[in-house]
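These are my notebook entries on how two chains meet. I record below what I looked up, in the order in which I looked it up.

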Amino acid sequence: MPEILTGNLAGYILVALLLFVIGLGTVLTRRSLIIQFMGVELMLNAANVALLAFGRFRQQAAEATTFYLFILAVAACEAAVGLALVVALFRLRGTTDSDRADSMRQ
Amino acid sequence: MFLTFALITLVGALSMARQSNLVVAGLSLVLCFLGMAGLFLLLGNPVAAALQVIVYAGAIVVLLLFVIMLLSAHEEEQAERNSPIQRWLGAAVVAILGAGAVKLVASSKLLASFKALPGSVDPGPVTLDAVATSLFQQHLLAFEAAGLLLLASMVAAILLVKKEL
């Protein structure tokens, strides 16, 4: 079995990269703001996987976990504000489609 | 084990990206986050795994599902105008980026040179003690700033959705 399939550093980075690419694809090809938001969350999590993998393999796991905590806090803020923006747009225009939110007038 | 959790994570992410029903997409996202928690466990990091389940699979996805049901936006709306070129362009850019990145990682000698544990010292799993020491001794100011950021975002979220102040 090749080493990359048994969980060496390259394996974890590969998973993180694929997650990031899937998240980016979701943001670029879907129209609903809510699912685009899910794509953004996925990209953030890809960064988490890479961070913790590097922390483990470079013997800095506790430090990496601390930074993971901060990313978590920022992600929670982003979730709250992002979803509030979606709700506000829905109140104003009655849509959650990002293509329909293309003018700055009311 | 690594392969199992990596596959769970990637299958969850892919089904999230392709799913047309947003509620099911949210549940696929939960599957993806649970797979990620498994990956963190394999990395010897039970603290991060627990946080992943509690904060991501718990709080954030529940907030998402709550908003989907509040707006009853279960399905994607009809496209206002057909723009297949943009979709194809986006998909193509993503595919090229992904293929290039995978090729780079798979052929990287530097990444492969990091063995799991160089030498014989196993650092063991991350303990909450170690994280707390690092958090409150080296990063106390950042910790306070994160608390302030959470407060500010809470106020901003209320302000954004309130009808009139």
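How much area do chain B and chain A bury between them, and what share of it is on carbon and sulfur atoms? I worked from a predicted model. I found that chain B and chain A bury about 7,100 Å² between them, and that 74% of this area is on carbon and sulfur atoms. I then noted which residues of chain B lose the most area to chain A: they are Phe2(B), Leu43(B) and Arg87(B), together 10% of what that side buries. For the contact itself I recorded 81 residues from chain B and 76 residues from chain A.

**Entry: helix α2 of each chain**

I looked up helix α2 of chain A, residues 33–57, against helix α2 of chain B, residues 22–42. Their axes come within 11 Å and cross at roughly 5°. Angles under 35 degrees count as roughly parallel, so α2(A) is roughly parallel to α2(B). On the chain A side I listed the residues in contact, among them Ile34(A), Met38(A), Leu42(A) and Asn45(A). They meet a set in α2(B) including Leu22(B), Gly26(B), Phe33(B) and Phe40(B). By class, I recorded 13 nonpolar and three polar residues in the contact of α2(A) with α2(B), and no charged ones.

**Entry: α3(A) and α7(B)**

I next took α3(A) with helix α7 of chain B, residues 140–161. Their axes are 9 Å apart and the helices pack at an angle of about 10°; α3(A) and α7(B) are therefore roughly parallel to each other. The residues of α3(A) in this contact include Phe70(A), Cys77(A), Leu85(A) and Arg91(A). Those of α7(B) include Phe143(B), Leu150(B), Ser153(B) and Val161(B). I recorded 20 nonpolar residues, one polar and one charged for the contact of α3(A) with α7(B).

**Entry: salt bridges**

How many salt bridges did I find over all chains? The search of the whole structure gave three. Between chain B and chain A the count is one. Arg87(B) forms a salt bridge with Asp99(A), and the closest N and O atoms are 3.1 Å apart. I note again that Arg87(B) is among the residues of chain B that lose the most area to chain A.

Asp97(A) lies in the segment after α3 of chain A and Arg31(A) in the loop between α1 and α2 of chain A, so the pair ties together parts that are 66 residues apart in sequence.

**Entry: domains of chain B**

I noted that chain B is divided into domain 1 (1–74) and domain 2 (127–165). The C-alpha centres of these domains lie 23 Å apart.

Notes: Residues are numbered from 1 along each chain as its sequence is written. Chains are lettered from A and ligands numbered from 1 in the order in which they are written. This is a predicted model: local features need pLDDT of at least 70, side-chain atom pairs count only at pLDDT 80 or more; totals for chains, interfaces and linings use all residues. Side-chain values use heavy atoms; hydrogens and water are left out. Axes are lines fitted to C-alpha atoms, for helices over the stretch in contact, and angles run from 0 to 180 degrees between N-to-C directions. Helices (H or I, at least four residues) and strands (E, at least two) are DSSP runs, numbered from the N terminus. Angles under 35 degrees count as roughly parallel, over 145 as roughly antiparallel, 65 to 115 as roughly perpendicular and the rest as oblique. Contact means heavy atoms within 4.5 Å. Ala, Val, Leu, Ile, Met, Phe, Trp, Tyr, Cys and Pro count as nonpolar, Asp, Glu, Lys and Arg as charged, and the others, Gly among them, as polar. Domain bounds come from an automatic or database domain assignment. Buried area is the accessible area (1.4 Å probe) that two parts lose on being put together, summed over both. A salt bridge is a side-chain nitrogen of Lys or Arg within 4 Å of a carboxyl oxygen of Asp or Glu.
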